[in-house]
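Hello,

Here is the structure for you to look at. My notes on it follow below.

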Amino acid sequence: MTSSPRPGGDAPVRLLYGITVAGSAETLLRGQLGWFRSRGWDVHVATSPGPLLDVVRDREEVVVHRLPMEREMAPAHDLRALARWTGLLRRLRPDVVNVGTPKAALLGCLAAWLTRVPARVYVMRGLRLEAAGSRPTRVVLWLAERLTIALATDVVCVSHSLRDEAVARRLFGRTDHPLVLGKGSSNGVDPDRWDPDLAAVDREAVRQGWRVGPAELVVGFVGRLTLDKGVDTLLAAVAELPDLPLRLLLVGSLDDPLLEPAIRALGDRVVRIEETDDVASAYAGMDVLCLPTRREGLPNVVLEAALAELPAITTTATGARDAVVDGVTGWLVPPGDAGALSAAIRACAASPDRARELGRAARARALADFDPQTIWRGLESVYLARLEAAHRPHGRWPGRGPAA
């Protein structure tokens with residue numbers, strides 16, 4: 001879908017979101033796009049083609065633009081994508097561009113700078129360079145991050161530890177003022193989305209479907225099965241607990257084939273769900289969520305599980321440690337430490353009442369600290385402050401009535 005040329009006079013302020021793939025737009029921007037539209041913004045989304053893009057368009061009632069991008073470095077493809085970005089911005093003439101995920105952030109920020117978009121907001125959702133295997137790759141990723149930040153007028157980090165890590169890696173210049181909205185997150189967690197589905201789940205029926213006994217502890221993982229997410233550490237930790245009545249639930253696609261032998265070695269102690277639209281049932285059937293990740297921005301899966309009153313075991317890695325209060329809403333362990341992870345799982349099994357108490361505290365914290373509208377209103381304030389600083393004339397400001 002394309003847009004008509006920009007009208008003048010009482011035209012609403014135009015806001016363009018850029019994200020690399022349609023699947024990320026469907027999950028990471030859920031509710032946010034429609035909220036801004038309801039506030040009077042003219043909302044557009046640019047992302048790679050995919051069936052979920054139609055879901056975004058219909059659910060949020062916004063304009064979508066199919067703009068092919070490659071997730072990995074691909075110079076020839078990236079140059080073509082930059083040309084498409086520049087052409088799109090020249091046609092739309094947006095007032096605000098919000099970009100997130102590495103490739104869309106770099107190309108979108110560069111095109112917005114070239115076309116003089118007054119408000120260029122980069123939402124930093126994580127640092128890929130933390131997990132880069134070689135020094136040359138880390139250098140390239142550092143340069144890409146630094147350029148994106150330099151081109152942006154505003155940077156919003158999704159967690160305090162992510163901002164601290166970016167500062168420590170000298171990604172910000174002296175004039176940069178990176179923000180964290182509230183306690184963090186890029187979109188918060190919405191109980192109105194999860195609570196009805198969670199309430200409709202028959203927990204015992206779900207567990208019976210997995211052939212889980214009533215005395216077994218279900219340790220769940222939701223996400224891509226990769227080394228980056230620490231799945232190798234999780235498999236090693238479960239292997240260290242042969243005496244524990246335990247089932248490991250893995251929900252997500254196997255993106256790293258190197259993990260397959262360790263999964264097979266655990267035999268029927270593993271329950272696999274590769275693709276599902278019913279993650280609520282998975283949460284409802286678990287006893288504890290485990291995310292032994294090596295890096296994050298701020299893990300949405302921990303916040304979602306918290307709404308199901310699930311405690312979480314995660315790591316002290318960047319971003320992950322912001323999602324759990326150690327000993328209050330779950331457990332924190334060092335990344336890559338299978339022994340510490342197995343000890344936390346054993347502690348959860350040893351005191352079910354304590355685990356349920358932590359789960360209730362996790363839900364209370366998610367509701368109090370990660371309300372979506374806290375994030376959305378914070379972003380709106382960033383947008384409007386930047387536009388006002390740029391003296392951008394408009395007949396109508398979102399949420400403010402006619403301009404003076």
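Tyr17, Trp35, Phe36, Trp41, Trp376 and Tyr383 form one aromatic cluster. Rings of Phe, Tyr and Trp (its six-membered ring) pair if their centres lie within 6.5 Å; planes under 30 degrees apart are stacked, over 60 edge-to-face, and the rest tilted. The model is predicted: local features need pLDDT of at least 70 and side-chain atom pairs pLDDT 80 or more, while totals for chains, interfaces and linings use all residues. Residues are numbered from 1 along each chain as its sequence is written, and side-chain values use heavy atoms, without hydrogens and water.

The structure holds seven aromatic pairs. One of them, Phe36 with Trp41, is edge-to-face, at 5.8 Å centre to centre and 80° between the planes. Phe36 is buried (under 20% relative accessible area, with a 1.4 Å probe and protein chains only), at 0%. Trp41 is also buried, at 3%.

Next, the cavities. A cavity is a set of points on a 1 Å grid over the protein atoms alone where a 1.4 Å probe fits but cannot get out; lining residues have an atom within 4 Å of a point. Grid points are joined across faces, edges and corners, and a volume is the space filled by probe spheres set on the points.

There are three cavities of 30 Å³ or more. The largest has a volume of about 80 Å³, and its lining includes Val302, Leu310, Arg365 and Phe370.

Regards

Definitions and conventions. 1 Å grid on protein atoms, 1.4 Å probe; cavity = no way out; pocket = protein on both sides within 12 Å on 5 of 7 lines; lining within 4 Å. Buried < 20%, exposed > 50% of the residue type's maximum accessible area, 1.4 Å probe, protein only.
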